[in-house]
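Thanks, everyone. Let me put the model up, and then I will walk through the strands, the core and the confidence.

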Amino acid sequence: MSLRSLLLAAAFLFPAVALAQGANIGFGGAEHDSSLPVEITADQLDVSQADGRAKFTGNVVVGQGEMRLTGAVVDVEYGESATGETEVKRLHASGGVTLFNGAEAAEGQEAVYTLETGEVVMTGDVVLTQGENAMAGEKLTVNLDTGTGVMEGRVRVVFQSQDAQGAQGDGQ
């Protein structure tokens, strides 16, 4: 059973579930710097100089500082900076996307990362894990630079109590 399946099952089965239309969350703290270089690895790269796009396919991993974004396909949009240099403007990841930042992780079907704003928008059965706690919804918007986010669309949350966390740590 995948992590996504386990977390979704937990969100429906545990009694400490909160239901809401939207929830504010923290994500990764405020240590991220969206001006850092972006490193991308993949099995294949197709570049179109004419429209300023590149398509990475197969086991794609995007890294920027401590942040990692993975997916089957990542489309990259390039543009010109204020100084006239070519820079990455936007990333669109699809096909089982995972976003890692510090000890937190979010999974979804798609993600769009706009570097100028430091914002990542994940959609499609999004599951966020923060330690022992889990949250699921339709859309997660995270500002990596401020470490804040909003989960929307029939939000399901599982909060582990301190007692439950202690019991799990004691092997009970």
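Before I go on, some ground rules. This is a predicted model, where local features need pLDDT of at least 70, side-chain atom pairs count only at pLDDT 80 or more, and totals for chains, interfaces and linings use all residues. Residues are numbered from 1 along each chain as its sequence is written, and side-chain values use heavy atoms, with hydrogens and water left out.

Terms, quickly. Strands (E, at least two residues) and helices (H or I, at least four) are DSSP runs, numbered from the N terminus. Two strands pair if DSSP finds at least two bridges between them.

Back to that pair. β5 and β6 (residues 86-101) are antiparallel, over eleven bridges. Their hairpin has five residues between the strands, and Gly84 there takes a positive phi near 90 degrees.

Next along, β6 pairs with β7 (residues 104-114), antiparallel again, over ten bridges. Asn101 stands opposite Glu104 in β7. Two residues separate the strands in this hairpin, and Gly102 has a positive phi near 65 degrees.

Gly65 counts as partly exposed because its relative accessibility is 36%. The cut-offs: buried is under 20% relative accessible area, exposed is over 50%, and partly exposed is in between, with a 1.4 Å probe and protein chains only.

Now β8 (residues 119-130). It pairs with β9 in the antiparallel sense, over ten bridges. Thr129 stands opposite Ala134 in β9. The β8 and β9 hairpin has two residues between the strands, and Gly131 takes a positive phi near 65 degrees.

Eight bridges join β9 to β10 (residues 148-158), antiparallel. Val142 faces Gly149 in β10 across that pairing. Four residues lie between these strands in the hairpin, where Gly147 has a positive phi near 75 degrees.

Stay in β9 for Thr141; the strand spans residues 133-143. Is Thr141 buried or exposed? Buried, because its relative accessibility is 17%. A contact means heavy atoms within 4.5 Å. Not counting residues up to four places away in sequence, Thr141 touches Glu119, Val120, Val121, Thr148, Gly149, Val150 and Glu152.

On to the core. By nonpolar core I mean a set of buried Ala, Val, Leu, Ile, Met, Phe, Trp, Tyr and Cys residues joined through side-chain atoms within 4.5 Å. The largest one has 28 residues, and Leu69, Leu91 and Met122 have the most contacts inside it. β4, β5, β6, β7, β8, β9 and β10 each supply at least two of its residues. Leaving aside neighbours within four places in sequence, Met122 has contacts that include Val97, Leu99, Ala106, Ala111 and Leu140.

Last, confidence. pLDDT is the predictor's confidence in each residue, from 0 to 100. The chain averages 81, and 76% of residues score at least 70. Which element scores lowest, and which highest? Helix α1 (residues 3-13) is lowest, at a mean of 43, and strand β2 (residues 39-41) is highest, at 97. Over residues 1-21, pLDDT stays under 50, and the model has 40 contacts there beyond four places in sequence. Where pLDDT is low, predicted coordinates should not be read in detail.
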